[in-house]
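These are my notes from a first look at this structure. I wanted to see how its parts meet, and I kept each entry to what I looked up.

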There are 8 protein chains.
Amino acid sequence: MATGEQLRVGIIMGSDSDLKVMRHAGRALRTLGMEYGIHYEDRVISAHRTPHLMAEYAATAAERGLRLIIAGAGGSAALPGMVASETALPVLGVSITDNPDVMNRALGSMIGMPEGKPLAVFQGPAGAFNAGLFAGRVLMATDPGMRAAYEAYELNELLSPVLGKDVSLRELGAEAYLNQPPATT
Amino acid sequence: MATGEQLRVGIIMGSDSDLKVMRHAGRALRTLGMEYGIHYEDRVISAHRTPHLMAEYAATAAERGLRLIIAGAGGSAALPGMVASETALPVLGVSITDNPDVMNRALGSMIGMPEGKPLAVFQGPAGAFNAGLFAGRVLMATDPGMRAAYEAYELNELLSPVLGKDVSLRELGAEAYLNQPPATT
Amino acid sequence: MATGEQLRVGIIMGSDSDLKVMRHAGRALRTLGMEYGIHYEDRVISAHRTPHLMAEYAATAAERGLRLIIAGAGGSAALPGMVASETALPVLGVSITDNPDVMNRALGSMIGMPEGKPLAVFQGPAGAFNAGLFAGRVLMATDPGMRAAYEAYELNELLSPVLGKDVSLRELGAEAYLNQPPATT
Amino acid sequence: MATGEQLRVGIIMGSDSDLKVMRHAGRALRTLGMEYGIHYEDRVISAHRTPHLMAEYAATAAERGLRLIIAGAGGSAALPGMVASETALPVLGVSITDNPDVMNRALGSMIGMPEGKPLAVFQGPAGAFNAGLFAGRVLMATDPGMRAAYEAYELNELLSPVLGKDVSLRELGAEAYLNQPPATT
Amino acid sequence: MATGEQLRVGIIMGSDSDLKVMRHAGRALRTLGMEYGIHYEDRVISAHRTPHLMAEYAATAAERGLRLIIAGAGGSAALPGMVASETALPVLGVSITDNPDVMNRALGSMIGMPEGKPLAVFQGPAGAFNAGLFAGRVLMATDPGMRAAYEAYELNELLSPVLGKDVSLRELGAEAYLNQPPATT
Amino acid sequence: MATGEQLRVGIIMGSDSDLKVMRHAGRALRTLGMEYGIHYEDRVISAHRTPHLMAEYAATAAERGLRLIIAGAGGSAALPGMVASETALPVLGVSITDNPDVMNRALGSMIGMPEGKPLAVFQGPAGAFNAGLFAGRVLMATDPGMRAAYEAYELNELLSPVLGKDVSLRELGAEAYLNQPPATT
Amino acid sequence: MATGEQLRVGIIMGSDSDLKVMRHAGRALRTLGMEYGIHYEDRVISAHRTPHLMAEYAATAAERGLRLIIAGAGGSAALPGMVASETALPVLGVSITDNPDVMNRALGSMIGMPEGKPLAVFQGPAGAFNAGLFAGRVLMATDPGMRAAYEAYELNELLSPVLGKDVSLRELGAEAYLNQPPATT
Amino acid sequence: MATGEQLRVGIIMGSDSDLKVMRHAGRALRTLGMEYGIHYEDRVISAHRTPHLMAEYAATAAERGLRLIIAGAGGSAALPGMVASETALPVLGVSITDNPDVMNRALGSMIGMPEGKPLAVFQGPAGAFNAGLFAGRVLMATDPGMRAAYEAYELNELLSPVLGKDVSLRELGAEAYLNQPPATT
């Protein structure tokens, strides 16, 4: 197992409807060898509906051992920035959106943080996954097992599939490639 | 004097650089007979830099006698919505912007409040002034003196100037109107 | 029953197709104890197709006992601002939209009101509901029964559900949470 | 003189600050032989500040002999559409803007008129001038003198200058052309 | 019959896929008593694919008796402006769009015409219908029959339905109104 | 056959999901007589996942005989610009988008290339096809057979269908045209 | 000298005010050894004001020996696309803008060309220069002298200055670098 | 001194014109006790003009001891994402912009990174400073001296100034506050 037996990453979101995007953050952490409940946690915490819970979560995160917080929000998207203002841990904000091709309200809210309270911004499902990978890049500075898992991920899930598809497409051309029967499992 | 001798309206903003917009809220209140320090107050309160002050301000506003809060913010613009979430007073948010013709990040953040925490949104200097007038419309339900001041404002500062300019422009036409010597005071 | 037996809030809209959004304003009022036909009314009034009806509605609203007007419109969205210009009641404008994540034409029209005629702006279904809650925040200053209803709403429908979902999500994690069987009623 | 001795075109705007754009509408009319005070008029009429004047102006425009109305407005830009809703004359709306390269709030408001109330939209100073020319295209159907003025305008002010500049630029190339001494008058 | 027995209005579009929007222009003309093939025509003419046909159509439109041209286009939307540059008839441009709530590329292209070549702009299906009504407003200056048809349209199809729906909604409220069984024909 | 027996055009894309747009580039090339595998190739090459493959592809493209590269990308869309920076061949970038009516992130990324590294930009499926035609316009300077194919394409697939539809629409009018039974093959 | 003694590139624009952007296209061509009046020409040609000149220019460009056309336009920006529709030469469109950071109307118009008429799009001063470089990339396929000039440009004006600045900045750090006295010539 | 005597953070940018924004990243690092040339470095590295230098920089950053890379870019903004693709260090991208209130092209490019290559995004001068603070939040996990510097910064430069301004503004009100004589040093 790649990481020490300790909670490292908190994934929080304003509503359980954000899970369709935020689940990808946990998927990335598991890819790097972290396990739910041991190395990371998922929470529903709302800036506007549970402000006291939010303040307490942010204030106690470091002493609970967390090393990073990944916070997703849509709409006004106050959660990530408010958490960043009440902790000194690195906070990664994920803009929840149905259409990642649009720079939406939540992105504007997150990217507009004032000088003094840093928030690192990501967008959409790919951004949630990448926030998980980013957390891995920070944590693996002191975790060789996680570094090996990261390298395996890059080789097996990023590089190889592209190279494989390139070989097929180059041989077949677009029309034949698109007419291939779907792969059977 | 139009209003009872009691603090009624709190004007708050995230930074003193917001005063260039937010001063217009107080100007509207004074037009309706409210005086600074007696009927309304101006405060610098930052959601991200002074979250505890913000929470305390919101939680005690009603017991201090405030009837409405006007909150201005730019960028992430978390202040108005966070205040709205910690008080049951009506909160008016003013989007700070240098270019009111653009629907900016702060407007997007404010207009995106989730169901359950209402925030009434205004934009720019005209919006700050209108937020003050809106507060007057609420307060004058129980304050006949303020109602009279409001009616005088509408007659003397909205209706009459337009009618006067219309008479001049109609007589002169655009070119002569624009070539008039500036009025002397 | 929370409010006195008198019409307090008028909900108007330019077209009955706006009901898909505007129905949420009435839902909020009922949550606070107001009843249809007694404490609030729904009307179809078009700025462009029935300008005389609009002018008469605005001009007589205060004497009919209304305390606030909630006006929804899409497209050019002239209705809320025109009503605000012909009454001295507080007017809440709701931008009708199929995609609340976009700052649309109707929002731009409403947020651009000139200095002197205040319009408080909300957007989409959540905004329509919040406009109703905002009206409640104004009215409950003089209505203790409504204040109690408001506090119950905040506790039972905002705070508790988030806390409950947080307990479940924290225990289950995202994947198991999403795989729960749907609740039976 | 090109047009009969009768008022034909009304140019209205919500504020005299709109004259910087709207003066170009009158300039176009004068290019086609219409004179201020005889064939067209300039007025300041505000939808939100003088709604009754606006309604009366629209309702009596046809009986006063007007054939078209050119209405400029910025911000919420309710004026052009409200006038179009209270007259059956053709109405041309001009979006006031400091930056014609942006599709601003006023344009969104005007272009969003509901089915049933037509508003022809133009934007910025060039659009104000073009609205005047468009009025000329409508009026010259029954006015041969204006047609001749229109044809002279197209030849002398549109075609010839472009051809002249093309000859110079082709001979000189960009750098020498830009280094020409300014023309003396 | 409302109009003289002569072709008055040309409706042109860059592609037959634009008919889903442009058919509404003809529907408006028929509402005012004009008949297809007698008083107006529909044409497919592409600025980019049939530039010579476009130039010829524009150059001969006036001598064929046309009084206005309604031109629809999407994408680059060069057609309306190019036609306006080669005729002195009034030209109404309709921006083709699937989402009228967005100020799209075609609108930007049309609204950006340079000084000297006027193009009156409308958008989407409602805009196409309104362009037809606008043509009627121009033509009925000399056609009393069409004026009567126009007044009947305003009374029967704009004013009355709104008033009728207002009566129903006011009586029923939003929830009961939305739960009405669909009208049977 | 129109082109010499040599690879001329490389079509590359960041993901095989881009094929839904990029297949149209190859369709255009085939329309001009080029054959897959002989005159052009399709490749999956990712700027971010296979940077070394990308660099090698760009660096060797000219010596492999390629005359132009058509590169499609969505999202960050780094591929077309990075390829343009590592070859001196003309590079055509195609912005991948589900909604060509919107100027999306990929378009912004491509159109923002710094001075010194040219990238010719196209958007969406029509843009991919047009990028193929553009390549043909470059290549046919030295290929008379391709020029003839190009002229036949313009006549048979651009001009004639528009003229044919114009004849039908003009005769039938919009309503009857839309009610035609679908053509049988 | 790098290119044969023959006109190769036509630079056209809708107005001489576009020269502030379009002059950079010629600057790029001169960097590659082409001379004004011998290898390229600058012209003012307006789609809307001189449509016949535009059509003639496009129709005769190939027989005059031109190999590419670079066409700049702002606003409606019909020129580049209309020229592309009347010639089979490759056409490069340059969106004229004061703010290259914005995707403006002219860009939307150009990028929206329909399938069948290709237009390669660039934006702003850097885009005008890059359009010139792109023309060079096409022409140097058959012109070794131009290829050498291109390689020298890349080495001396792109690569070396960046490397030189990197050495200085690395040594000095941001503050000292910014406080350097301006270079003397 | 707060950090070990080793290079920790690389600040890179595509052009020295980006220093007006990127200098603020170094300012934040110095606030936390890091010194130029010892703990961090500034570099000019261009994705499009020096791709090989960029690839080498990214590939060797970890072995040179760097713990994070802060990369600024405007326009196409390929640099941050390309660096993130060639290193496994955490990379922070800063969108260079003159107007932080706008979500510009560079932001769109950075926020659109594909799944698998994480890039944490910041915008404008405040974002550059915050990227520096974010780096400090990561590094101080293992550096108690930096943690103390961070806490001092929060107390002295974030919290105290807001509280001080609040006291003054509350006492003076907006008008008197704005009329204060400027502070003397």
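How many salt bridges does the rule find across the interface of domain 1 of chain A and domain 2 of chain A? I looked this up in what is a predicted model, and the count across that interface is zero.

Entry on the two domains. I noted that the domain assignment of chain A gives domain 1 as 9–143 and domain 2 as 147–178. Their centres, taken over C-alpha atoms, are separated by 30 Å, and the contact takes eight residues from domain 1 of chain A and six residues from domain 2 of chain A. I then looked up the area buried between these two domains, which is about 690 Å², with carbon and sulfur atoms giving 63% of it.

Entry on polar contacts within chain A. Although I found zero salt bridges between domain 1 and domain 2 of chain A, I did find two residue pairs in polar contact between them. Helix 5 (residues 124–139) of chain A gives the largest share, three residues, of the side of domain 1 that touches domain 2, and by class I listed that side as five nonpolar, one polar and two charged residues.

Entry on the two chains. I next asked how chain H relates to chain A, and found that a rotation of 180° with 0.0 Å of shift along its axis superposes chain H on chain A, with an RMSD of 0.0 Å. I recorded this as the relation of a two-fold axis. I also noted that 100% of the interface residues of chain H are also interface residues in chain A, so the copies meet through the same surface.

Entry on the interface of chain H and chain A. The contact takes 38 residues from chain H and 38 residues from chain A, and the two chains bury about 3100 Å² between them, 62% of it on carbon and sulfur atoms. I counted four salt bridges between chain H and chain A, and I looked up the one that A:R27 forms with H:E115, where the closest N and O atoms are 3.1 Å apart. Across this interface I also found 17 residue pairs in polar contact. The largest share of the side of chain H that touches chain A, seven residues, comes from helix 5 of chain H, and by class that side has 26 nonpolar, six polar and six charged residues.

Methods:
Residues numbered from 1 in each chain as written. Chains lettered and ligands numbered in written order. Predicted model: local features only at pLDDT ≥ 70, side-chain atom pairs only at ≥ 80, totals over all residues. Heavy atoms only, no water. Domains from an automatic or database assignment. Contact = heavy atoms within 4.5 Å. Buried area = accessible area lost by both parts, 1.4 Å probe. Salt bridge = Lys/Arg side-chain N within 4 Å of Asp/Glu carboxyl O. Polar contact = N/O pair within 3.5 Å; in protein donor to acceptor, adjacent residues only side chain to side chain. Helix = DSSP H or I, 4+ residues; strand = E, 2+ residues; numbered from the N terminus. Nonpolar A, V, L, I, M, F, W, Y, C, P; charged D, E, K, R; others polar. Least-squares fit on C-alpha atoms with pLDDT ≥ 70 in both.
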